[in-house]
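Please take a look at the structure below before reading on. The briefing that follows is grouped by topic, for a reader who meets this chain for the first time.

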Amino acid sequence: WFWMTPQSPKPSCHDVVIGEWAPSAADVAAGRVPGFGMTTNIINGGLECGFATNGKVEDRVAFYRRFADILQVPVDEDTLYCNEMQSYR
């Protein structure tokens, strides 16, 4: 349910991953861009976004890269993190 359902003002993680979400002007001003980092913002932004990247985030990104490699899916290196995004808190 959480992955598929938007919780205003947050989009759903699913829409972000499949490219269906387009950031609003407020999102752009807050540094929110489509990509893996945005899913982190949706799920745990208040604890992990807008701050220096911590080890948990690095581990998650490493897992994402690993599975993307296995599935032969390209990874946009510019959108992996949310440290420069404001959270939705």
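The largest pocket in this predicted model has a volume of about 310 Å³. A pocket here is an open set of points on a 1 Å grid over the protein atoms alone, where a 1.4 Å probe fits, with protein on both sides within 12 Å along at least five of seven lines, and lining residues have an atom within 4 Å of a point. The volume is the space filled by probe spheres set on the points, which are joined across faces, edges and corners.

**The pocket lining**
- Of the 19 residues that line the largest pocket, Val16, Val17, Gly35, Phe36 and Tyr64 are the closest to its centre.
- The elements that give two or more residues to this lining are H1, H3 and helix H4 (55-70), and the largest share, three residues, comes from H4. Helices are DSSP runs (H or I, at least four residues), numbered from the N terminus.
- By class, the lining has 14 nonpolar, four polar and one charged residues, where Ala, Val, Leu, Ile, Met, Phe, Trp, Tyr, Cys and Pro count as nonpolar, Asp, Glu, Lys and Arg as charged, and the others, Gly among them, as polar.

**Salt bridges**
- The structure holds three salt bridges, each defined as a side-chain nitrogen of Lys or Arg within 4 Å of a carboxyl oxygen of Asp or Glu.
- One of them joins the side chains of Arg32 and Asp27 (2.8 Å, N to O); Arg32 counts as buried at 8% relative accessibility, and Asp27 counts as buried at 7%. Buried means under 20% relative accessible area, exposed over 50%, and partly exposed in between (1.4 Å probe, protein chains only).
- The side chains of Glu48 and Arg60 also meet in a salt bridge (2.8 Å, N to O), and this pair links distant parts of the chain, with Glu48 in helix H3 and Arg60 in helix H4, twelve residues apart.
- Within that pair, Glu48 is buried at 7%, whereas Arg60 is partly exposed at 30%.
- Arg65 and Glu77 meet through their side chains in a salt bridge (2.6 Å, N to O).

**Confidence and conventions**
- The mean pLDDT of the chain (the predictor's confidence in each residue, from 0 to 100) is 96, and 100% of the residues reach 70 or more.
- Residues are numbered from 1 along each chain as its sequence is written, and side-chain values use heavy atoms, with hydrogens and water left out.
- In this predicted model, local features need pLDDT of at least 70 and side-chain atom pairs count only at pLDDT 80 or more, while totals for chains, interfaces and linings use all residues.
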